[in-house]
Amino acid sequence: MELDRDLKVVQEVRNLVRQAAKAQEILEQMSQGQVDAIVAAMAQAGARDARRLAELAVQETEIGRVEDKVLKNLFATKLLYERIRDMKTVGVVSEDREHGVFEIAAPMGVVAGVVPTTNPTSTAMYKTIISIKARNAIVISPHPRSRKCTMEAVETVRKAAVAAGAPEGCISCLGDPGIAATNELMKNEGVSVIIATGGPGIVKAAYRSGKPAFGVG
């Protein structure tokens, strides 16, 4: 018996979130050095493939110019890495000994990353890099009109992350995206936080999910 498409979407979301949750347990135990090595590899891979991914994005979406998207991809990888490279995200990150206050970094959990068709590769890599830097696993939900290039961008940084020591399942991408899939992902009980980029509708949906959400659109 062949599953209905809606049932397939639900099952895919559940499978990827479960895998991400298992990977999250491993990420949480990693040292700052381990995390930083993984993030460096991800940024390097994304910057290396900046032009290829830009060309794929323009070809698939027919939006924007390749040269502009190359710059955006570099901003979301190379320049982002330079900005967060020395940022502490493990253990004690700040101390106020006078008042006896210590800030200790802790991951949120599994991130739902919603990616738009306007910047389908740079946004995916950006969200993935910052999530791993903070020891959060992430599941990306691409826009249906830019599914292929977003999946390719995610795969680029995923391969680099795993090769550098990240656990399998910590980075993934929905293969059958759409409104139903995105809503299912955002509402899944295994998701802890949402980072949504897109139109007003998807941002409002993220804010209505009942979870912590960061939205722009």
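**View 1. The open sheet of the predicted model, built from 5 strands.** The strands lie in the order β5-β4-β3-β6-β7, and their pairing is parallel. Two strands form the edges of this sheet, β5 (171–173) and β7 (213–216), and each of them pairs on one side only. From one strand to the next, the twist averages 15 degrees. In general, the strands of a sheet pair through backbone hydrogen bonds, and such pairing is either parallel or antiparallel.

**View 2. The pairing of strands β6 and β7.** Strand β6 covers residues 191–197 and runs parallel to β7. The two strands are joined by 4 bridges. Within this view, T197 stands opposite V216, a residue of β7. Strand β7, which spans 213–216, is an edge strand of the sheet.

View 3. C149 counts as buried because its relative accessibility is 1%, and the cut-off for a buried residue is under 20%.

**View 4. The cysteine C170, which is in no disulfide.** For C170, the nearest cysteine sulfur is that of C173, 14 Å away. C170 has a relative accessibility of 1% and therefore counts as buried. By the distance rule for sulfur atoms, the count for the model comes to 0 disulfides.

Key. Residues numbered from 1 in each chain as written. Predicted model: local features only at pLDDT ≥ 70, side-chain atom pairs only at ≥ 80, totals over all residues. Heavy atoms only, no water. Pairing = 2+ DSSP bridges. Axes fitted to C-alpha atoms, helices over the stretch in contact; angles between N-to-C directions. Disulfide = S-S within 2.5 Å. Buried < 20%, exposed > 50% of the residue type's maximum accessible area, 1.4 Å probe, protein only.
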